[in-house]
Amino acid sequence: MVVPAYDHEVAVIGAGPGGIAAGVKLRGAGIDDFVVLERADDVGGSWHENHYPGLSVDIPAIAYQYSFARNANWTRIFPRGPEVKAYHVDVARRYGLYPHMRFGTDVVRQEWDDDRHIWRLHTAAGSLITARYVISAVGAFVNPKADPGIPGLDAYRGKLQRPSDWDDDYDYTGQRVAVIGTGASSVQIVPSLAPHVAELAVFQRTPVWSLPKPDVAIPGPVQTVLRIPGVQAGIHGAVLIAVDLTLRAGVSAPMWAVRPALRTIDSVAIAAYRRYLRRVVEDPETAAALAPDYGPIAKRPTISGYTFAFNRDNVRLITTPIERFTATGIETTDGATHEFDMIVLATGYEVFSDPETYKPGAIVGRNGFDLSKFYAEEGLQAYQSVALPQLPNRWTLVGPYSWTGSGWHAFVEMTADHAVRAITAARRRKATMVAVRQVVHDTYHRRIHQKAAALRFYLADLNGHVPTYYRNSQGDTTYVRPSGFFEARRGNRRFPLDDYEYSVLRAGVDAEATESATA
């Protein structure tokens, strides 16, 4: 009996939507020796960790599900958090993924062993897990920002709440509450808290685009229609075609046409939204303060009852910058003090598209290659968003230039398909190492960077004054893939297998003595 040189053939890091997709694809390819390493105690990713008031999806459910597990039983057009979490649990159970799960396992360092052609995964608990292949299924929002960037947080003696770590047992009824931030979590939390608290103050740095959410229950007859084979796929496909055409038109048009068109679109949209706010927000000063001075897609647009919350007598908007936290609340730069029983820090996350998210020494490849150092010096890049030449046997499901404007599941499915196809090709060749060729990677990155010119103009020039995770700290637009959805899907599912090089580790010799694997 031959003893494997590793603990598992494949290690998947993360059991959110991407990790579940990877597990299903691995099983579908006949690969059963895999483990899914998850730092939390159940599957679902953000839908497991987040359970704050008002949590729900912000795109229709029909576009927020796996193509291989379409659900006709959604109760609402925009399902609430518990229903979305239950969906992911059901998919993981249905496809037999729970036996592969290893919960409470936080991978803090990934190190390539070139002598054995394996990855050495170090956990926060001090254990070591080895695997021939690694699929990083860490999501877009990697960690909540522990430091909101405001002095004195430790001085505050009231209740602190974070969207990613909400204390459900705490009763905020009748209390004085502050929410810091106006992002996707805040716009759901604010209208949910408003009817129950004595006072709610929203501290705004940047106004947010927010329209009403047409969220209604899905009646039984509609659910019956959705059960007809092909109906959901057809509706979702039509939406993807529309998104695809829009994105392709934007990135393929000549810049001489793009610049004036985008300026006009933003100008018209900003003026229209200001008129809308004047109609729906009763206080003129509040309506004016809620109006963004940037384009509608420069930051993540939202849908919720957020703007209507400011018509309540107990809700107020504060735009004066925060100076510091105090023992009883918040002091603003005008010297005013505001006392609160509870403060909600809705101040954002470390995002996959920012180089600072990748910590030095956390991911180390061939010849000491440090992903953090590389991204800091060379910018974020990866072949088809998933692979780097210096990180063999490793793929990232949510990597540079990956989001295609589709629902989350659609694009993590395609990147999971890429990883599994490359692993399958290596296994068929009996290779122990597979890495994208340097020239292929470099050619791809040059092309994708050139195609992102319109995005860089829109996010870094036209709307460069607004903080947004669509533009990273290097001024690049690595969140969005500047191509249509279908081009991205073809690229990940049908890439030439020769774009990778395959090597075999000879028995009894160092990794330096490898030979090229043949098809």
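1. Let's start with Arg 300, which is partly exposed at a relative accessible area of 28%. Here buried means under 20% relative accessible area, exposed over 50%, and partly exposed in between, using a 1.4 Å probe and protein chains only. Arg 300 has a salt bridge to Asp 58, with the closest N and O atoms 2.5 Å apart. Asp 58 sits in the loop between α2 (46–49) and α3 (81–94), and Arg 300 in the loop between α8 (284–289) and β12 (302–303), so the pair ties together parts that are 242 residues apart in sequence. Asp 58 is also partly exposed, at 24%.

2. Before going on, keep in mind that this is a predicted model, where local features need pLDDT of at least 70, side-chain atom pairs count only at pLDDT 80 or more, and totals for chains, interfaces and linings use all residues. Residues are numbered from 1 along each chain as its sequence is written, and side-chain values use heavy atoms, leaving out hydrogens and water.

3. A word on salt bridges: one is counted when a side-chain nitrogen of Lys or Arg lies within 4 Å of a carboxyl oxygen of Asp or Glu. The structure holds 22 of them. One of these joins Glu 413 and Lys 25, with 3.6 Å between the closest N and O atoms. Glu 413 belongs to helix α11 and Lys 25 to helix α1 (residues 17–28), 388 residues apart. Glu 413 is buried at 2%, and Lys 25, at 17%, counts as buried as well.

4. Now have a look at helix α11 itself (residues 408–428). Helices are DSSP runs of H or I with at least four residues, strands are runs of E with at least two, and both are numbered from the N terminus. Of the 21 residues in α11, 17 are buried, so the helix is largely enclosed by the rest of the structure. After α11 comes Lys 430, with a positive phi near 60°.

5. Finally, find the open sheet of 3 strands, with the order β14-β15-β16 and antiparallel pairing. Two strands pair if DSSP finds at least two bridges between them. The edge strands, β14 (322–325) and β16 (337–339), each pair on one side only. Between β15 (residues 329–332) and β16 there are 3 bridges.

Definitions and conventions: Expected span 1.5 Å × (residues − 1).
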